[in-house]
Amino acid sequence: MTFSSLPDKSAAARLAGLLDSAMDGIISVDDEQRIVLFNRAAQKMFGWTTEEIQGKPLDMLIPQRYRGGHSQQVRRFGATGTTSRRMGDNTVLYAVRKDGEEFPIDASISQLNAPEGKLYTVILRDVTERVRARQELASFAAESAGVREQEKSRIARELHDELAQSLTALKMDTIWLRDNSAGDPLAQAKLAQMLALLDGAVASVRRIAADLRPLVLDDLGLVAAIEWVVQNFTQRTGVPCELDIDESLELDEPFATGVFRMVQESLANVGKHANARSAQVAVHRRGQYVVLCVEDDGVGFRTSEPRKPQSLGLVGLRERAQLMRGEVLIESSPGAGTRVEARIPIEGTAE
């Protein structure tokens, strides 16, 4: 089907002018997925002229690795009878120009039963700049997160090494005063109060330092740090937590910190909201990914419900996973507990 085959030549001219004035690329293919319409924006986008591309297979515009899957998707779409839908299910698609350069696109597809047979029309937009800006923003966010972690580590070490030690020295001096003023009951009572305050202050400093950045993560590695956070969770909440972790797991930064924080934040959500009787944490390497899973048998919730304004825990988990180009799956229902699973690609081995 071409413009010249339309019965009303003036209507064909108007349609051609309308399609050529569109800012988005518009491509129509027949039931054999051969190109029958290629507007001016598509010519500019792909580098092919209408004369060069007319009647050629749509596969010419698709990277080699996606061609088989794309043909199957179009056939499935044709069988559904759906008028139109967005392609890619919210993922970025890729096309290829005449010179072989690949570029990202947003696309939607529609179908029409014409006298000559079924006609598929794809409307697409080059989103190279959008994807580049998103990648730059993600890189900036990851770098900012790394800087924050470094600053947390510095503050935590100063708290632990300087303030906690000073408080400990002050406690030792207070004990000396107590032992050398045994004849004054009032002084003994006051010194006992001071020692109690000092004990509380030392414990608070160590807790704050550990919350900022557990030194065990830097000193002993990821496995020991996750073991520590699981034990600390049980001590604070009284909820028994089973840990299943690959003892040989070693990750470089920022992945070690990212995985540790996701386990820490997931358990914090369990402690705050789940009202659970038990919890489980599993961290393993699966091929090109590190997979971590945190489950509980608590009250659960409906994942379809709008997020509460004050509930930022799950949002933080997704954002942290996105910084590492990973993904988070959350399964929950009322009374059936919650399962949080994250898959993080390891840099250098995953596409």
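Let's start with the sheet. It is open, has five strands, and runs in the order β7-β8-β9-β11-β10, with mixed pairing. Which strands stand at the edges? They are β7, residues 241-245, and β10, residues 327-332. Each has a single partner strand, so one side of each is left without a neighbour in the sheet. From one strand to the next, the twist averages 10°. Keep in mind that this is a predicted model.

β9 covers residues 289-296, and β11 covers residues 338-345. They pair in the antiparallel sense, over eight bridges.

Helix α9, residues 255-274, packs on it and touches β7, β8, β9, β10 and β11. The direction of α9 makes about 10° with that of β9. Then there is helix α8, residues 222-237. Helix α8 lies across β7 and β8, the latter being residues 279-286. Relative to β7, α8 runs at about 170°.

On to the cores. As a reminder, in soluble globular proteins nonpolar side chains tend to be buried together. Here the largest nonpolar core has 40 residues. Which residues have the most contacts inside it? Ile-226, Leu-251, Met-262, Leu-267 and Val-283. And α9 gives the most to this core, with nine residues.

Take Leu-267 as an example. Set aside its neighbours within four places in sequence. Leu-267 is then in contact with Val-229, Val-230, Phe-233, Cys-241, Val-281 and Val-294.

A quick stop at Thr-50. Thr-50 lies in helix α3, residues 50-53. Not counting residues up to four places away in sequence, Thr-50 touches Phe-38 and Gln-43. With Gln-43 there is a polar contact between the side chains, at 2.8 Å.

Last topic: charges. Side chains of opposite charge can pair when their charged atoms come close. How many salt bridges does the structure hold? There are 14.

Arg-125 with Asp-24. The closest N and O atoms are 2.8 Å apart. Arg-125 lies in strand β6, residues 117-126, and Asp-24 in the loop between α1 and β1. So the pair ties together parts that are 101 residues apart in sequence. Arg-125 is partly exposed, with a relative accessible area of 44%.

Arg-97 with Asp-126. Here the closest N and O atoms are 3.1 Å apart. Arg-97 lies in the loop between β4 and β5, Asp-126 in strand β6, so this pair ties together parts 29 residues apart in sequence. Is Arg-97 buried or exposed? Buried, because its relative accessible area is 18% and the cut-off is under 20%. Asp-126 is partly exposed, at 30%. Arg-97 and Asp-126 are also linked with Glu-101 in a network of salt bridges.

Finally, Asp-297 with Arg-277. Their closest N and O atoms are 3.8 Å apart. Asp-297 sits in the loop between β9 and α10, and Arg-277 in the loop between α9 and β8. That pair ties together parts 20 residues apart in sequence. Asp-297 is partly exposed, with a relative accessible area of 27%. Arg-277 is exposed, at 64%.

Conventions:
Residues numbered from 1 in each chain as written. Predicted model: local features only at pLDDT ≥ 70, side-chain atom pairs only at ≥ 80, totals over all residues. Heavy atoms only, no water. Pairing = 2+ DSSP bridges. Helix = DSSP H or I, 4+ residues; strand = E, 2+ residues; numbered from the N terminus. Axes fitted to C-alpha atoms, helices over the stretch in contact; angles between N-to-C directions. Contact = heavy atoms within 4.5 Å. Core = buried A, V, L, I, M, F, W, Y, C linked by side-chain atoms within 4.5 Å. Buried < 20%, exposed > 50% of the residue type's maximum accessible area, 1.4 Å probe, protein only. Polar contact = N/O pair within 3.5 Å; in protein donor to acceptor, adjacent residues only side chain to side chain. Salt bridge = Lys/Arg side-chain N within 4 Å of Asp/Glu carboxyl O.
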